[in-house]
Amino acid sequence: YREAVGGVEAPVLVIHGEDDLQTEAQSRLYVEAFPRATFRLIEDTGHFPFHHQPEAFAQVVGEFLSELE
């Protein structure tokens, strides 16, 4: 999939929960694959930060979107 996503020109936000079973290194592979990717870590959450840390999730997404304007 790396070749396919390497041509994606849209900004991409990769969010990783600090306590996710997927390692941070695995999540960072997506950052390496997308040319315009941004990585953000949310502490004290697992794989579903939008559920466990909705305020932190909204803040991260809001900051990412505001940087696009």
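Let me start with Arg40 and Glu63, which form a salt bridge in this predicted model, with their closest N and O atoms 2.8 Å apart. Arg40 belongs to strand β2, residues 37–42, whereas Glu63 sits in helix α4, residues 54–68, so this pair ties together parts that lie 23 residues apart in sequence.

How many salt bridges does a search of the whole structure find? The count is 2, and the other pair to describe is Arg28 with Glu24, whose side chains meet at 2.9 Å, taken from N to O. Here the two partners are both in helix α2 and 4 residues apart, which means that about one helical turn separates them. Arg28 has a relative accessibility of 36% and therefore counts as partly exposed, and Glu24, at 32%, falls into the partly exposed class as well. In general terms, side chains of opposite charge can pair when their charged atoms come close.

Where in the fold is Glu18 placed? This residue is in the loop between strand β1, residues 12–17, and helix α2, residues 24–33. With a relative accessibility of 38%, Glu18 counts as partly exposed.

Notes:
Residues are numbered from 1 along each chain as its sequence is written. This is a predicted model: local features need pLDDT of at least 70, side-chain atom pairs count only at pLDDT 80 or more; totals for chains, interfaces and linings use all residues. Side-chain values use heavy atoms; hydrogens and water are left out. Helices (H or I, at least four residues) and strands (E, at least two) are DSSP runs, numbered from the N terminus. Buried means under 20% relative accessible area, exposed over 50%, partly exposed in between (1.4 Å probe, protein chains only). A salt bridge is a side-chain nitrogen of Lys or Arg within 4 Å of a carboxyl oxygen of Asp or Glu.
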